Amino acid sequence: MNLTITDVRLTPILVADPPLLNTQGVHQPYTPRLIVEVETADGVTGIGETYGDTKYLELARPFAEKLVGRQVSDLNGLFTVAEEVSVDSSRVSGQVDVGGLRGVQTADKLRLSVVSGFEVACLDALGKTLGLPVHALLGGKVRDAVEYSAYLFYRWADHPSGVACEKDDWGAAVDPAGVVEQARLFKERYGFTSFKLKGGVFPPDEEIAAVRALAEAFPGHPLRLDPNGAWSVETSLKVAEELGDVLEYLEDPALGTPAMAEVSAGTDVPLATNMCVTTFAEIKEAFTRDAVQVVLSDHHYWGGLRNTQQLAAICRTFGVGVSMHSNTHLGISLAAMTHVAATVPNLHHACDSHYPWQSEDVLTSRLTFDDGKVAVLDAPGLGVELDREKLEFLHQRWLDDDGALRERDDAAAMRVAEPGWVTPSVPRW
Ligand SMILES: O=C([O-])C(=O)C[C@H](O)[C@@H](O)C(=O)[O-]
Ligand SMILES: [Mg+2]
């Protein structure tokens, strides 16, 4: 067997995305992703997926060149190679995250977000070569299926008129009745039994009413609300008090560890985050101050599946829970998320996934949710197959774009509907 990497292919694509609302604006009709293929001397190809905005492509290209001649099994070496890739400081200094809502932007985090796509591709190639599933390469699964939560969004029925887009049949959700109807559809179509509502869109009282309506419609189902740091400490405490009896956790009610620590000190409702603990460097302060009780892992920006396991081990040591964050992603990432989630013993919360919102994919067959769960695949590698025609179609869309959609920018997308829109300053309420 020859594990030498002989070729690395990078294919940026644009995938359809519905008009999902968050505190910064609304999702664009198409969003960028990057598909990574790593080929070995034996002709085995491994696939991975990560963010596709220009700032990631700029790093992925030189990184890919450096991998040729290395071994797909040299996963630790990926981090060493990444350090050799320089990050343009203008990409990280003073930048506002215009859509991802994933906390600080640093050069390291940018690198890790790129490494993760390659780590998954290497694990896929290694697993295919050895005839082992990725979860086995990670030490073995401790469960046969991974539970996901329904990721509810306030949304419009369609993107603004005149905007080129793909249509879907979910309808609008801009009030409690709309949110409950969306949750009902999620349950009917995928069997989800826990629900997360993306908040920070409407004044807190309206979002409290939506969560109350969910609690009435789905008694006993775990519920979460995530305004992406849009509230003050005072508002966060008020919401915690009003919804404390029905929330599994409140996610990033206020922005940053100091504010989260203040909220945490004033409520018994568990606080979760994918904004103030997004790097290993942020863990110490947050855990020491008991600012968060649940960390949402995300292999994309934590630097891959093995770093996700390390994060989970640290959380376990400190008695902090683990859940999983998600941005817009396709089936390659859902497969990767499911493999790593299957190996984490202390994963006691259903994971987030945007996948149901993605009508397009690059796989020959879509992954499915049964009773809200994705079965852990035991086929070699990730256990999924790339559909070249679909990949080419989505790449052509990227090539045809004039550049406007190649960067995710939820505030810019909102300005199409509301020309005066600017990213709200925080706390918004
Ligand atoms: O806080 C979160 O869960 C997210 O950041 C998830 C996504 O970014 C979501 O808010 C989005 O895509 O609008
Ligand atoms: Mg969140």
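This is a predicted model: local features need pLDDT of at least 70, side-chain atom pairs count only at pLDDT 80 or more; totals for chains, interfaces and linings use all residues.
## Domains

The chain is divided into domain 1, which covers 5-131 + 387-402, and domain 2, which covers 136-375. Their C-alpha centres lie 22 Å apart. Where the two domains meet, 38 residues of domain 1 are in contact with 47 residues of domain 2.

On the side of domain 1 that touches domain 2, the elements giving two or more residues are strand 1 (5-16), strand 2 (21-22), strand 4 (30-40), strand 5 (45-51), helix 3 (107-130) and helix 13 (388-400). Helix 3 supplies the largest share of this side, with ten residues. By class, this side of domain 1 has 20 nonpolar, ten polar and eight charged residues.

The backbone of Asn228 has a positive phi of about 50°, although Asn228 is not a glycine. Most residues other than glycine have a negative phi.

Seven strands form an open sheet with parallel pairing, in the order 7-8-9-10-11-12-13. Strand 7 (150-153) and strand 13 (321-324) are the edge strands, each pairing on one side only. On average, neighbouring strands of this sheet are turned by 25° against each other, direction ignored.

Among the residues involved, Tyr151 has Lys196 in strand 8 as its bridge partner. Helix 5 (residues 176-190) packs on the sheet and touches both strand 7 and strand 8. The direction of helix 5 makes about 155° with that of strand 7.

## Two helix pairs

Helix 7 (residues 233-243) and helix 8 (residues 257-266) have axes that come within 9 Å and cross at roughly 35°. The crossing of helix 7 with helix 8 is right-handed. From helix 7, Val233, Ser236, Leu237 and Ala240 take part, meeting Ala259, Glu262, Val263 and Gly266 of helix 8. This contact has five nonpolar, two polar and one charged residues.

Helix 11 (residues 305-318) packs with helix 12 (residues 331-343) at an angle of about 35°, and their axes are 10 Å apart. Helix 11 and helix 12 also form a right-handed crossing. Leu305, Thr308 and Gln309 of helix 11 make the contact with Ala336, His339, Val340 and Thr343 of helix 12. By class, the contact of helix 11 with helix 12 has three nonpolar, four polar and no charged residues.

## A cis peptide bond

Val426 and Pro427 are joined by a cis peptide bond, with omega of about 0°. Most peptide bonds are trans. Pro427 is placed in the segment after helix 14 (410-417).

Notes:
Residues are numbered from 1 along each chain as its sequence is written. Chains are lettered from A and ligands numbered from 1 in the order in which they are written. Axes are lines fitted to C-alpha atoms, for helices over the stretch in contact, and angles run from 0 to 180 degrees between N-to-C directions. Helices (H or I, at least four residues) and strands (E, at least two) are DSSP runs, numbered from the N terminus. A crossing is left-handed if the near helix is turned anticlockwise from the far one by less than a right angle, and right-handed if clockwise. Two residues are in contact if their C-beta atoms, placed from the backbone, lie within 7 Å. Ala, Val, Leu, Ile, Met, Phe, Trp, Tyr, Cys and Pro count as nonpolar, Asp, Glu, Lys and Arg as charged, and the others, Gly among them, as polar. Domain bounds come from an automatic or database domain assignment. Two strands pair if DSSP finds at least two bridges between them.
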